[in-house]
Amino acid sequence: MGKIDKFKNSVKQGKRFLIIISVLWLILAIVLVAPIALAWAEAPNGSNSDFLTNFVEYFVKEVTSFTAFFRMFGYKGAFGIFLKCLIPYTIAFIAFSIKGFWKTKPKGKYYDIEHGSSDWSVKGEQYKILSPDKGIILAKENYLPVDKRGNVNTLIVRRFRIW
């Protein structure tokens, strides 16, 4: 399985995450990019001659008021700045989203298969060795018979969680 196939499978498995990522992009664009654009447009008109000081002052005011997105349409030049800021924001957001998808791609052939269950066997196949109703419990409806001849050594591996 090639790297592109793994990426396609992770996208296929992560469709709900695409919706979440899209909503997150929209919320961050409204909550962060719009105040940046409005503060950028208002900063040269401030009382202080230092652009950076005015920008930070207006940005903090706009982020905390949550009205920057709607006020941006009435302020001259703010919507153009918003569109200019939206392009690099979108590119960076897509890059981080692709990196996130790449990290969540399937790890191997047996990804997302329950380990330690009898799902690996065809119906009844495990009962050639195991008992369906009595013995040492291994899994649901799988018992190691104690009266079986031959090697009945069993290694049970379990996760330990320390809180």
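Q: Is Lys-134 buried or exposed?
A: Lys-134 is exposed, because its relative accessible area is 57%. Exposed means over 50% relative accessible area, buried under 20%, and partly exposed in between (1.4 Å probe, protein chains only). This is a predicted model: local features need pLDDT of at least 70, side-chain atom pairs count only at pLDDT 80 or more, and totals for chains, interfaces and linings use all residues. Residues are numbered from 1 along each chain as its sequence is written, and side-chain values use heavy atoms, with hydrogens and water left out.

Q: Where is Lys-134 found?
A: In the loop between H5 and strand S1 (136-139). Helices (H or I, at least four residues) and strands (E, at least two) are DSSP runs, numbered from the N terminus.

Q: And what does Lys-134 touch?
A: Leaving out residues up to four places away in sequence, Lys-134 touches Tyr-143, Leu-144 and Pro-145. Contact means heavy atoms within 4.5 Å.

Q: New topic. Where is the kink in H2 centred?
A: On Ala-29, with an angle of about 35°. The bend at a residue is the angle between axes fitted to the seven residues ending there and the seven starting there.

Q: Which residues of H2 are buried?
A: Among them are Ala-29, Val-33, Ala-37 and Leu-38.

Q: What covers the buried residues of H2?
A: The cover includes helix H3 (51-65), helix H4 (68-71) and H5.

Q: Back to Val-33, what does that one touch?
A: Val-33 touches Leu-28, Phe-82, Cys-85, Leu-86 and Tyr-89, not counting residues up to four places away in sequence.
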